[in-house]
Amino acid sequence: MIERILYNAQIVTLNPAQPRATALAIGGGRILAVGDDDTIRALAGADTVLEDVEGRPIIPGLTDAHIHWEGVAHSLAHVDVFEVPSKDEALRRVAERAQRTPPGEWIVGQGWSQAYWADSSFPTAADLDTVAPHHPVYLSAKSGHAAWVNSAALRAAGLTANTPDPPGASLHRDASGRLTGLLLEAPAMVLVERKIPPMTPEQTADLMAEAQRKAWAAGLTGIHDFDDPSCLIALQLLRERGELGLRVVKNINDPYIEHAHALGIRWGFGDEWLRIGGLKIFADGALGPRTAAMIAPYEGEPDNTGIVVTDKEQMYEWVSRASAAGLPSTIHAIGDRAVHDVLDVYEAVRQEEAARGIPPQARRHRIEHVQLVHPDDVGRLGELQIIASMQPIHATSDWEMADRYWGARARLGYNARLQQEAGAVLAFGSDAPVEPFEPLMGIYAAVTRRRPDGSPGPDGWYPEQRLDVDTTLRAYTQGPAYAAGLERALGMLAPGFLADLVMLDRDLFALPPDELLTVRVLGTMVGGVWRWRASD
């Protein structure tokens, strides 16, 4: 039964058989027909809702293919130090929270980066001690690969100058060997993080409901999550409450993969609302703390080639076993050494899969970020049919750091166009809460290679790497759908597809690139239901 008809619209279907239309019919959460106003309106029944959208553009629903959803939800309750312009401002915000927090309780925040400060040196525990001497403080960096803690937090975790660095991580020390309060990479960060009292699943689910409304307002209808099982628990609670209104692909971080193997869980387990993705592994760190694994040292740091979080042999063992068990892998790789090693692993596993008669589309392996690629590796993602899961907003956010620490190598950094031309499927996201989960900001970044303030100039950073709107939109729709195994249900507005769509105030294809940031989301529909309207 046709429940709703949208007409008098400018519909971008992304369906090659019918690229544009003015009306569509919806029923049972799916699109039943697409065409012109007269044809589709003639299908209406007595109970069909006819909705004139007054000529507004409609596009397929947008998916964030790389997000930390529990982190996004928790950030709503934490101290906001996202991209603060100075260390003093971060300290001011911590001091303000300390004044209204009982002594001894934890203060948690996220989003600082010393790259935005005039003094770009790393902050210390002593800095935080001056404003919060009676509270343990834990502030994760914008990159998610470092944390800044105070002396009370170090004491709570039992960390001292004699504590050895955990494998694949670093407890930063000063010249005399004392801990500075900077923790580099997850194995070091977790030593303090695990002392923070966790939120209950119910509290997390409540925050997710709030975050979900913000996601709809941004035009998101789906996400691919990379957080721990506690995130899955909260998502299931939302589902039980009847409140889950985003399509979620839940990836499995490597500490938990043995549990998935024991249960026999395979890729795609679940349904069109909540389903299992692949095995998530960290190959290296990040550019911000200079822990991304490099073939050659960072500019100006001849002894620093980053941190290998998971070595090639371990990655191969995990990826090979997961593939045999029916799970693709999705591996974080930022530095050129990390990308190279991951590609070597995937090449070996592709050979195993071919020997077993498993085609590449049955194991949709991914590399997350693909931020710097060695010239010898440029075409390998396409050759191996590896999905390039990238975040356009990272390029514009990081360009100054990339130029400073990678020099001329940065020409091949953050280069989604190069991967697309080499035949790799693009799946775009935000890495929120590292960056805002605003897909229109990501589209602007991909098309212009500029920040909202116009930097680094009118042509953008390495302007030859700019993408067109069509390619970028497909990377927020069809690319994530393919990565999820849902390409026959999501990514275009066509009969039989899920009724997930976004209504905008202007046509993305008719605007000068500079105006893309001014486009507003007027409505977001998931499963045939308007989840958010601009008047809400």
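# Exercises on a predicted model

Glu-96 has a relative accessible area of 35% and is partly exposed. The exercises below concern a predicted model.

## Exercise 1. A salt bridge at Glu-96

Task: Determine which residue forms a salt bridge with Glu-96, and classify the accessibility of both partners.

Solution. 
1. The partner of Glu-96 is Arg-100, and the closest N and O atoms of the pair are 3.0 Å apart.
2. A residue counts as exposed over 50% relative accessible area and as buried under 20%, with partly exposed in between.
3. Arg-100 has a relative accessibility of 54% and is therefore exposed.
4. Glu-96, at 35%, is therefore partly exposed.

## Exercise 2. Asp-174 and Arg-178

Task: State how far apart the closest N and O atoms of the salt bridge between Asp-174 and Arg-178 are, and classify each residue by accessibility.

Solution. 
1. The closest N and O atoms of Asp-174 and Arg-178 are 3.3 Å apart.
2. Asp-174 is partly exposed because its relative accessibility is 31%.
3. Arg-178 is exposed because its relative accessible area is 54%.

## Exercise 3. A salt bridge between parts separated in sequence

Task: Explain which parts of the chain are tied together by the salt bridge of Arg-247 and Asp-500, and state whether these residues are buried or exposed.

Solution. 
1. The side chains of Arg-247 and Asp-500 form a salt bridge with an N to O distance of 2.9 Å.
2. Arg-247 belongs to strand β16 (residues 247-253), while Asp-500 lies in the loop between α17 (478-484) and β22 (501-504), so the pair ties together parts that are 253 residues apart in sequence.
3. Both Arg-247 and Asp-500 are buried.
4. Elsewhere, salt bridges with shared partners join Lys-312, Arg-337, Asp-341, Asp-344, Glu-347, Asp-377 and Arg-380 into one network.
5. The whole structure contains 37 salt bridges.

## Exercise 4. Trp-69 and the largest nonpolar core

Task: Locate Trp-69, classify its accessibility, and identify the residues with the most contacts inside the largest nonpolar core.

Solution. 
1. Trp-69 is found in helix α2, which spans residues 69-75.
2. Its relative accessible area is 1%, so Trp-69 is buried.
3. Among the contacts of Phe-428, apart from neighbours within four places in sequence, are Met-390, Pro-392, Leu-467, Tyr-476 and Pro-480.

## Exercise 5. The second largest pocket

Task: Describe the volume and the lining of the second largest pocket.

Solution. 
1. The second largest pocket has a volume of about 380 Å³.
2. Of the 17 residues in its lining, Ser-75, Leu-76, Pro-433, Pro-436 and Phe-437 are the closest to the centre.
3. At least two lining residues come from each of α2, β9 (79-80) and β10 (107-112).
4. By type, the lining comprises nine nonpolar, four polar and four charged residues.

## Exercise 6. The surroundings of Ser-140

Task: Is Ser-140 buried or exposed, and which residues is it in contact with?

Solution. 
1. Ser-140 is in strand β11 (residues 137-141).
2. With a relative accessible area of 13%, Ser-140 is buried.
3. Beyond its neighbours within four places in sequence, Ser-140 is in contact with Gly-109, Gln-110, Gly-111, Trp-112, Ala-146 and Ala-147.

Note on methods: Residues numbered from 1 in each chain as written. Predicted model: local features only at pLDDT ≥ 70, side-chain atom pairs only at ≥ 80, totals over all residues. Heavy atoms only, no water. Helix = DSSP H or I, 4+ residues; strand = E, 2+ residues; numbered from the N terminus. Buried < 20%, exposed > 50% of the residue type's maximum accessible area, 1.4 Å probe, protein only. 1 Å grid on protein atoms, 1.4 Å probe; cavity = no way out; pocket = protein on both sides within 12 Å on 5 of 7 lines; lining within 4 Å. Points joined across faces, edges and corners; volume = space filled by probe spheres on them. Nonpolar A, V, L, I, M, F, W, Y, C, P; charged D, E, K, R; others polar. Salt bridge = Lys/Arg side-chain N within 4 Å of Asp/Glu carboxyl O. Contact = heavy atoms within 4.5 Å. Core = buried A, V, L, I, M, F, W, Y, C linked by side-chain atoms within 4.5 Å.
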